[in-house]
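Dear colleague,

I am handing over the structure below.

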Amino acid sequence: MSAAAVPPRILYVTDLAYEARGRRYCDEDILVSARLRRDFTVALCHPADAARLMGDFDAVVIRNSGPVIHYRERYDAFRERALADGVRVYNPLHGRGDMAGKQYLVELSAAGLPVIPTVDRAEDLGRLPDADEYVIKPKDGADSIGMRLVPRDRLGEVAGGLRDMLVQPRIPFLYEVSFYFVDHDFQYALHAPDPDRRWELVPYEARAVDLDFARKFIDWNTLDHGIQRVDACRAPDGELLLVELEDLNPFLSLGLLDETTRDAFIARTVVSLRELLS
């Protein structure tokens with residue numbers, strides 16, 4: 001970059017004060033925003049202020065902004081205005097995963113893809129496999145907000161109140177694993193060996209078959225640019241099943257990576273942002 005060149009201006013959206021179980025959002029965003037400052041002019045703002053401020057920037061980067069359910073009206077106003085004004089948003093706002101709610105889990109399940117079986121209507125409960133317990137959670141939830149467990153013998157009692165809710169069998173999975181992508185390029189994988197400690201993660205050596213699984217959902221989504229996290233569980237029979245496709249503001253667990261992997265991830269993100277801005 002020449003001395004006269006003006007770096008692109010990035011509005012970096014984060015809630016530094018958000019307290020997430022087992023994670024420190026602020027540490028990750030302090031690191032990433034500091035690294036981006038080498039290539040861009042960066043200003044941090046709370047998600048509630050993004051719509052008001054974004055007009056002065058070349059792009060908006062949504063990072064650890066917390067569950068949208070906590071500021072739904074302001075997020076919807078931001079989204080509507082950004083789309084109307086043609087604001088460049090990273091991740092772009094046409095994602096089909098969690099960005100649009102969890103209805104995609106119902107659709108992918110019905111299509112026979114390797115997803116935890118999911119329905120959202122009482123008349124479809126019979127399509128779910130038998131389980132001792134079932135998970136009921138809101139379509140616009142995050143961080144287990146609003147989730148509850150219901151034993152099999154009580155599932156019929158809640159069938160009439162499934163508006164905007166999903167139902168899944170509670171699967172006794174072996175472990176959870178997450179695959180992290182920038183654009184369509186795989187970056188790294190982490191897994192939680194103990195199913196009861198979701199955020200106690202260690203590096204995972206992804207096999208070709210694992211990446212084939214993850215890429216099914218990256219390819220299914222419509223994002224040419226952006227950071228995505230494919231969350232899966234290893235079922236008792238060894239099959240991987242999709243838990244969530246995080247395409248709005250996935251936490252990256254960068255603090256658990258070695259320096260080489262972390263630097264490579266951020267460098268690839270810079271390239272992705274530059275392509276979005278070009």
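Leaving out neighbours within four places in sequence, Leu 36 is in contact (heavy atoms within 4.5 Å) with Tyr 12, Val 42, Val 270 and Leu 273. The model is predicted, so local features need pLDDT of at least 70 and side-chain atom pairs count only at pLDDT 80 or more, while totals for chains, interfaces and linings use all residues. Residues are numbered from 1 along each chain as its sequence is written, and side-chain values use heavy atoms, with hydrogens and water left out.

Leu 36 belongs to the largest nonpolar core, which has 30 residues. A nonpolar core is a set of buried Ala, Val, Leu, Ile, Met, Phe, Trp, Tyr and Cys residues joined through side-chain atoms within 4.5 Å. Buried means under 20% relative accessible area, exposed over 50%, and partly exposed in between (1.4 Å probe, protein chains only). Leu 36, Phe 40, Tyr 188 and Phe 265 have the most contacts inside this core. The elements that give it two or more residues are β1 (9–13), α1 (25–36), β3, β8, β9 and α7. Helices here are DSSP runs of H or I with at least four residues, strands are runs of E with at least two, and both are numbered from the N terminus. Which element gives the most to this core? That is α7, with six residues. There is also a second, separate core of 24 residues, which includes Phe 179, Ala 189, Trp 220 and Leu 242.

Helix α7 also holds Ser 272, which counts as buried because its relative accessibility is 0%. Not counting residues up to four places away in sequence, Ser 272 touches Tyr 90, Val 182, Asp 183, His 225 and Gly 226. With one of these, Asp 183, Ser 272 makes a polar contact of 2.6 Å, side chain to side chain. A polar contact is a pair of N or O atoms within 3.5 Å; within protein, one must be able to donate a hydrogen and the other to accept it, and residues adjacent in sequence count only if both atoms are side-chain atoms.

Asp 183 itself lies in the loop between β8 (175–182) and β9 (185–192). Its phi is near 55°, a positive value in a residue other than glycine. Is Asp 183 buried or exposed? Asp 183 is buried, at a relative accessible area of 5%. Ser 253 also has a phi near 55°, again positive in a residue other than glycine. Ser 253 sits in the loop between β12 (240–246) and α7 (259–277) and is buried, with a relative accessible area of 3%.

Tyr 90, another residue touched by Ser 272, is joined to Asn 91 by a cis peptide bond, with omega near 10°. Asn 91 lies in the loop between β4 (89–90) and α4 (103–110).

Tyr 75, Phe 78 and Ala 82 are buried in α3. Seen down the axis, the buried residues of α3 fall within an arc of 60°, so they line one face of the helix; the arc is that of the directions from the helix axis to the C-beta atoms. The face turned away from this buried side carries the exposed residues Glu 73, Glu 80, Leu 83 and Ala 84. The cover over the buried residues of α3 includes α2 (50–53), β3 (59–62) and β4. After α3 comes Gly 86, with a positive phi near 70°.

In the loop between α4 and β5 (133–138) is Asp 120, buried at a relative accessible area of 16%. The side chains of Asp 120 and Lys 139 are joined by a polar contact of 2.8 Å. Glu 205, by contrast, is exposed at 71% relative accessible area, in the loop between β10 (202–203) and α6 (208–220).

Last, the cysteines. A search of the whole structure finds zero disulfides, a disulfide being a pair of cysteine sulfur atoms within 2.5 Å. Cys 26 is buried, with a relative accessible area of 17%, and Cys 233 counts as buried at 0%.

Regards
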